[in-house]
Amino acid sequence: MSSSPLSIRKLTKVFEPGTVNEKLALDHLDLEVPAGQFITVLGSNGSGKTTLFNTILGRLFPDSGQIFLGDEDITRQKDYKRAFNIGCLYQNPLRGTAPNMTIEENLALAYTRKASRSFFAVNRKDHEYFRELLSELDMGLENRMKTKMGLLSGGQRQAASLLMSTIAQPKLLLLDEHTAALDPGAAEKVMAVTEKIVARDRITTLMITHDMDYALSVGDRTIMLDSGRIVLDLKGEERKAMTSGKLAELFYTKQRPRR
């Protein structure tokens with residue numbers, strides 16, 4: 001399965017409309033992501049980042065607008081159907097894995113999205129494939145395939161979760177602050193593995209981060225959201241010339257007045 005372009009057109013989502021708590025989360029948001037591009041996503045709390053991810057994943061349906069993954073309109077597609085084509089990794093290393101299953105069993109469960117939609121059975125070829133993938137993490141996990149996921153450290157579990165999110169070669173990968181809960185050393189290792197896998201498989205990727213250095217050094221492009229719209233889009237030479245200090249300054253000055 002090859003990566004696909006992502007096209008988001010005039011996406012709008014309002015929570016609790018017509019009440020005193022009405023919140024415009026996405027405001028006619030437009031975003032075009034070419035196949036294989038890696039975008040880092042910035043934005044303050046309430047800027048629309050999580051709502052954007054949830055509408056892409058199908059956990060929320062927008063009030064208006066469209067989402068295309070490749071040529072397919074997935075705007076109203078059920079979330080479980082999108083899961084065959086979209087991988088996702090979260091901030092919490094405990095989320096998205098089965099702690100009482102082994103590393104190998106978790107990988108096998110994720111691998112069925114590509115190999116089969118039925119329950120899994122690990123054969124010798126799969127076992128060697130999982131071992132090879134785990135060895136690339138450089139964390140010694142290839143020798144602990146029978147270890148339960150719940151016994152791993154946060155960094156180890158997040159690295160294994162990254163493999164689970166990409167083992168079926170998704171068309172799109174969403175990373176929701178997936179290194180934020182890790183210590184600096186583990187975060188660097190997981191980020192390095194992330195870049196390696198995304199580049200190798202050319203996976204179209206969106207990564208939410210609050211780290212200004214990661215926002216500029218990881219991937220190909222940086223966007224900033226505020227009040228449900230993209231207020232900054234950095235790429236090419238403009239992105240290369242940007243510093244984390246200047247980006248932090250823009251983070252505060254680019255905010256739109258609240259209505």
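Predicted model: local features only at pLDDT ≥ 70, side-chain atom pairs only at ≥ 80, totals over all residues.
1. Six strands make up an open sheet, and reading across it the order is E6-E7-E8-E3-E9-E10, with mixed pairing. At the edges you'll find strand E6 (86–89) and strand E10 (229–235); each has a single partner strand, so one side of each has no neighbour in the sheet. On average, neighbouring strands here are turned by 20° against each other, if direction is ignored.

2. Now go to strand E3, which covers residues 38–43. In the sheet order, E3 sits between E8 and E9. With E8, strand E3 pairs in the parallel sense over four bridges. With strand E9 (residues 221–226), E3 also pairs in the parallel sense, this time over five bridges.

3. On the E8 side, Thr40 has Met207 as its bridge partner. On the E9 side, Ile39 stands opposite Arg221, and Val41 has Ile223 as its bridge partner.

4. How many residues of E3 are buried? Six of the six are, so E3 is largely enclosed by the rest of the structure.

5. What does Thr40 touch, once neighbours within four places in sequence are left aside? Its contacts are Met207, Thr209, Tyr214, Ala215, Val218, Arg221, Thr222, Ile223 and Arg239. One of these contacts, Met207, is also the bridge partner of Thr40 in E8. Arg221, another of the contacts, is the residue opposite Ile39 in E9.

6. Next, the cavity. Searching the whole structure turns up one cavity of 30 Å³ or more, and the volume of the largest cavity is about 40 Å³. Which residues line the largest cavity? They are Leu133, Glu136, Leu137, Leu163, Val193, Lys196, Ile197 and Arg200. Helix H6 (residues 184–201) contributes the most to this lining, with four residues.

7. The make-up of that lining is worth a note of its own. Five of the lining residues are nonpolar, none is polar and three are charged. So if you're clicking through the lining, expect residues such as Leu133 and Val193 as well as Glu136 and Lys196.

8. Finally, two loop residues with backbone angles to check. Gln169 has a positive phi of about 50° although it is not a glycine. Gln169 is in the loop between helix H5 (154–166) and strand E7 (172–176), and with a relative accessible area of 26% Gln169 is partly exposed.

9. Arg202 is the other one. Here phi is near 50°, again a positive value in a residue other than glycine. You'll find Arg202 in the loop between H6 and strand E8 (204–208). Is Arg202 buried, partly exposed or exposed? It counts as partly exposed, at 49% relative accessibility, because exposed means over 50%.

Terms used: Residues numbered from 1 in each chain as written. Heavy atoms only, no water. 1 Å grid on protein atoms, 1.4 Å probe; cavity = no way out; pocket = protein on both sides within 12 Å on 5 of 7 lines; lining within 4 Å. Points joined across faces, edges and corners; volume = space filled by probe spheres on them. Contact = heavy atoms within 4.5 Å. Buried < 20%, exposed > 50% of the residue type's maximum accessible area, 1.4 Å probe, protein only. Pairing = 2+ DSSP bridges. Axes fitted to C-alpha atoms, helices over the stretch in contact; angles between N-to-C directions.
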